[in-house]
Each structure stands twice: as C-alpha cells, then as structure tokens.
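Dear colleague,

Please find below the structure I am handing over to you, followed by an account of what was found in it. I would be grateful if you read the notes with the model open.

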Amino acid sequence: MIVTNAELLIRAKKGGYAVPAFNVDNLESVLGVLNAIDKTSKSAIVQTIPRTLKYGGVATYSALVRALYTGGADISIHLDHGGDIKTCEDCIDAGYTSVMIDGSMLDFDKNVELTKKVVELAHARGVSVEAELGTIGGKEETEGEIKYTEVEEAKEFVEKTDVDSLAIGVGTAHGVYKGEPHIAIDRIKEIADVVDVPLVLHGASGLSDDVIKACIKAGISKINFATHLRQAFSEGLKRGLASKEATYDPKTYMPYAIKAVEDVAAKIIRLCQPI
Ligand SMILES: [Zn+2]
C-alpha cells in the first residue's frame, strides 16, 4: 500500500531500523526501485527533488509509482527538499503522501514559521512533513557550510512545528564525498534522546555500511540515497549501450540501467532493514 512517511518511520523507529528513501529521475529509475522493493518485500520511500519535477513534471512521478507498484510492502511518495509552500501543495495535489519543507537556510524562527505553515496544510490533507534543521553539505537544493544541528534547538523546533520527522546536520554531504566523511554519531544519539519524532539522514551515498549501521543504531529512521542510484543508472546504461543486444530501441538497452538501480537499491534496503 502507499502510505505516509510518518507511518513508515514510526514503525522503523520502534523496530530499530531505517527506511531508505531513493531519489528517482525517470521511468527506469522508478522501475529499478520498485523492482527492489518487490524483490525484498520491504518498505522504501520513492522521492524527488524540485529539480526533478522541473525536469519531468510535477504530476509524473507519483503517477508512475501509483501505476506501476503492485507489491505488498508499504511505500510512500515523498518530496525531497521542497523549497516553498507552492511546491509542497503542488506535490500534495499530485498524490504525494509526504513532503519535505527545507527551511534550513533560514534563521530558526523563520524556519519554524515556514515549517508550521506546511505542517498545517499537509496534515489537513493527511500528508506528513519532514523539515530540516542545521545544514547538510554538498549541492542538492541547498548550498553553504555544514552546521551541526543543536540538540536543544532540535527539541524546541519539533515542539513548535509539530513536524513528523526531522533531517539533521551531523556531517553528511550531498553528492560525492571529497575525502573521508566524519559523521557525529554521538550528536545523532543526543538528539534522538530528546526528540520524539523520527530523525532523517541526508547524503548517505558515500558512507560505509558500518557508518550507516551506526547511524541507525544511534537513532536514524530514514536515510536518503540519491547519488548511488544515479551512478548505478548511468553505469548500467553505458553497459547496455555497449552490449551486443543494443539496438536503436531503448527497450533493449534500458533494462541494464533498470537492473543496476534495482541491485543497488535492494542492497541498501537489506542494509537498512536487516530483519
Ligand atoms: Zn538532502
């Protein structure tokens, strides 16, 4: 079934595992992710950033997932890094079951104000909301230096906004890591101890399996993977185009890209949900 992030993440928090969220770009990456969910029979989140919506259309990705998903495990459709209220509303109209409003570049009070507005309108329509406090490095929708999330601020932020999950800055970065990432596992634990809602880790593509497991143990319930899937898709496509079967017909070489996304996504699902 297609449910909200809140439903998936509360279960994950109680169960001591994390639900991976996969950024998709096109039909083939949607197919790869859905195949991985089918194959593992475990939950995952399909998500898009605003740039993807600009690329492929706001109504497209939710429609693809809804048309193609026949599996038994619960999944959700989420807007990643929503930058304004309108984008969140458009996604809710298009059938997303969860939206992120990213006010992390604003000061604390402005972030609270913006997040609260989105929470009110989303909750009225049965949709859950993720917000962000602190900063995550690298370029996705946000730029700037990494600011670790403060424990007391996180507590106050969640209480004031009634948000369903919170993305925190603990040293991760979007895109490809330059050098060895240093993740503040202790900070995750400190925040998890005082914040009731599930915590979200962005920029996990370059982290080792051990670091990911440690983050989950410390209290992370949702982990975003974008770069890994895009790399797998691109490598798979190159292999497909170079294969003997490759013809003028995309249906002969695209399956290589779909399978590459499926394999990476299935491995991540099993890592995050080992039970
Ligand atoms: Zn992110």
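The chain carries 31 positive and 40 negative side chains, and the centres of these two sets are 5 Å apart. Please bear in mind that this is a predicted model.

As to the overall fold, the chain contains 11 helices and eight strands. Its radius of gyration is 18 Å, close to the 19 Å that the globule rule gives for 275 residues, so the chain is as compact as a globular protein of that length. Along the principal axes, the C-alpha atoms fill a box of roughly 60 × 40 × 35 Å. Of the 275 residues, 56% count as buried. The accessible surface of the chain amounts to about 12100 Å², and carbon and sulfur atoms contribute 54% of it. Among contacts between residues at least 6 apart in sequence, 72% join residues at least 24 apart.

H174 is placed in the loop between strand 6 (165–168) and helix 8 (185–194), while H202 is in the loop between strand 7 (199–201) and helix 9 (209–218), so the pair ties together parts that are 28 residues apart in sequence. Both H174 and H202 are buried.

H81 counts as buried because its relative accessible area is 2%, under the 20% cut-off.

S41 sits in the loop between helix 2 and strand 2 (44–48). With a relative accessible area of 55%, S41 is exposed.

Finally, N35 lies in helix 2, residues 27–40. N35 counts as partly exposed because its relative accessibility is 28%, which falls between the 20% and 50% limits. Leaving aside neighbours within four places in sequence, N35 is in contact with I258 and E262. N35 and A266 are 231 residues apart in sequence, yet their C-alpha atoms are 8.4 Å apart in space.

With kind regards

Conventions: Residues are numbered from 1 along each chain as its sequence is written. This is a predicted model: local features need pLDDT of at least 70, side-chain atom pairs count only at pLDDT 80 or more; totals for chains, interfaces and linings use all residues. Side-chain values use heavy atoms; hydrogens and water are left out. Helices (H or I, at least four residues) and strands (E, at least two) are DSSP runs, numbered from the N terminus. The radius of gyration is taken over C-alpha atoms; the globule rule is 2.2 Å times the number of residues to the power 0.38. Buried means under 20% relative accessible area, exposed over 50%, partly exposed in between (1.4 Å probe, protein chains only). Contact means heavy atoms within 4.5 Å. Accessible areas come from the Shrake-Rupley method with a 1.4 Å probe; for residues, only the protein chains shown count as cover. Lys and Arg count as positive and Asp and Glu as negative; His and the chain ends are not counted. The place of a charge is taken as NZ of Lys, CZ of Arg, CG of Asp or CD of Glu.
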